[in-house]
Amino acid sequence: MVGAGLVGCLTACYLARRGHRVVLYERRPDPRSAAPERGRSINLAISERGIDALRRIGLDRTVLETALPMSGRMMHAPDGTLGFQSYSAGGERAINSISRSDLNRTLLEASLAMPGVQALFEHRLTGLDADSGRMEFDTPGGPVTRTATVVLAADGAYSAVRERLRLPGGVEVTQDHLDYGYKELTIPARDGEFALDPGALHIWPRGKAMMIALPNPDRSFTCTLFWPRSGPGSFEELDTAERFEEFFAAVYPDARTLMPDLADDYAHNPIGRLVTVRARPWHVRGAGAVTGLLGDAAHAIVPFYGQGANCGFEDCVELDRCLEETGDDFPAALALYGSRRKEHADTIAELALENFVEMRDKVASRSFLLRKRLEHGLERLLPGRYVSRYELVSFSTVPYAEVRRRIARQNRAVAAVALGIVLGVPVAAAVTTGLLRRLRRGGA
Ligand code: FAD
């Protein structure tokens, strides 16, 4: 397994449970003794798909112990007015803010506690012959070569393994970079307490840009600016402390008062890139080895649905299922896994891009609020029959492509009702009755 990040470690757990011997090769130092990197998505939201994958291997409780549930979005208007929108109709469901480094450590420790799992840190893959499974690594002691009959790559969005599979007849890859970057900032605890409501994901929607904040167990918030890379209000334009501070205080005034280290964070934290990676196929079979891609290495997506890791965790479950179905025949299992997961990974990639527009621009609009109220009303009226897209993505394990199809059917039904209302009461009544009947039968 190349990469001992979130997906690599969870996959190692699943493979070890099946009795396989796993060696994790990780380019970074051992996270159990090293400090997390500055500005690298300190926390992330884990929802039902991720929890389901953790639950199947008995890790959900441990992971959720330190999680902070967020049951909705808290909108921060430019004048400081707050508006809360719950994620589910009853307000009872929540996504969970989790420390990335804690989660990685928990998964690493869980994998190493299983028989047959070993981790080698400061091993950066620099070469791979997919035909023979021969891998080359840079290590502090010099280059090292290893060979494996099964090479699994969970080495992230800029996967070194994937790069080496891009031969003629190998893996086709497209990488679409958003014209936006991200930078992390901090709202520290105030007098030992959270400075904002920790039960919500905070959003400062500002049209073409936005900031979000997720709570941390130490009562701080990690904020992420999603700004254009160039043009007005961009990282490129706001390149001096004075320009940045003046702009930030004008556009995010309520947050400014809570951020004593703002200038330092802005000056020192890196600007991250946002990329969508599409690859096909997700495995390559050689004469002596098979190589497969998992997690971001197979399908990196932009973070606006909070689904990248959740989707990667689903990969682990599907690979496990395919191994079960094929009697642990790795080439057959990897082919099956790729054929089943690809459509869903492509769908969540699109949904995540669409959600960026929703979060930065639409959430503050009246029509959006009206739509949310209508959605929640229908959810209450037709429990289990009408389910919003957010609910299906975040609080279910319905495959992503099926979510898209189901939402299209629901939207058509709702549009028919709206048309009925426009056409007049008798027609509306007939259409509504028909819709309710269809929804009750499960037609939507
Ligand atoms: P990674 O976590 O990137 O791990 C890859 C590992 O491989 C790393 O440990 C790396 O050091 C190692 N590696 C890389 N190259 C080599 C090499 N050559 N040799 C050896 N080892 C190597 N997802 C969510 O579900 N919810 C969220 O709220 C969320 N928020 C996000 C916010 C931001 C700003 C970003 C950027 C992403 C977010 N994501 C979120 C996505 C999530 O972080 C990724 O989908 C997830 O980390 C993918 O896990 P992975 O194990 O596939 O890759």
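Mentor: Helices and strands here are DSSP runs, numbered from the N terminus; a helix needs at least four residues and a strand at least two. Keep in mind that this is a predicted model.

Start with the shell. The shell has 30 residues, and Glu26, Arg28, Ala45, Arg100 and Asp296 come nearest to the ligand. By class, twelve of the shell residues are nonpolar, ten are polar and eight are charged.

Glu26 places a polar side-chain atom 2.5 Å from an oxygen atom of the ligand. Ala309 uses its backbone: an N or O atom there lies 2.9 Å from a ligand oxygen atom. Asn310 uses its side chain, with an N or O atom 3.0 Å from an oxygen atom of the ligand. On its own, the ligand has 990 Å² of accessible area, and the protein covers 90% of that.

Which elements give two or more residues to this shell? They are α1 (6–17), β2 (43–46), β8 (124–129) and α10 (308–326). α10 gives the most, with three residues.

The crossing is left-handed. On the α2 side, the contact residues are Arg49, Gly50, Ala53 and Leu54. On the α10 side, they are Asn310, Phe313, Glu314 and Val317.

Two backbone details remain. Most residues other than glycine have a negative phi, and most peptide bonds are trans. Glu122 has a positive phi of about 50°, though it is not a glycine. Glu122 sits in the loop between β7 (117–120) and β8, and β8 is one of the elements that give two or more residues to the shell. The peptide bond joining Arg280 and Pro281 is cis, with omega about -10°. Pro281 lies in the loop between β16 (272–280) and β17 (283–285).

Terms used: Residues are numbered from 1 along each chain as its sequence is written. This is a predicted model: local features need pLDDT of at least 70, side-chain atom pairs count only at pLDDT 80 or more; totals for chains, interfaces and linings use all residues. Side-chain values use heavy atoms; hydrogens and water are left out. A residue is near a molecule or strand if one of its heavy atoms lies within 4 Å of it. A polar contact is a pair of N or O atoms within 3.5 Å; within protein, one must be able to donate a hydrogen and the other to accept it, and residues adjacent in sequence count only if both atoms are side-chain atoms. Accessible areas come from the Shrake-Rupley method with a 1.4 Å probe; for residues, only the protein chains shown count as cover. Ala, Val, Leu, Ile, Met, Phe, Trp, Tyr, Cys and Pro count as nonpolar, Asp, Glu, Lys and Arg as charged, and the others, Gly among them, as polar. A crossing is left-handed if the near helix is turned anticlockwise from the far one by less than a right angle, and right-handed if clockwise. Contact means heavy atoms within 4.5 Å.
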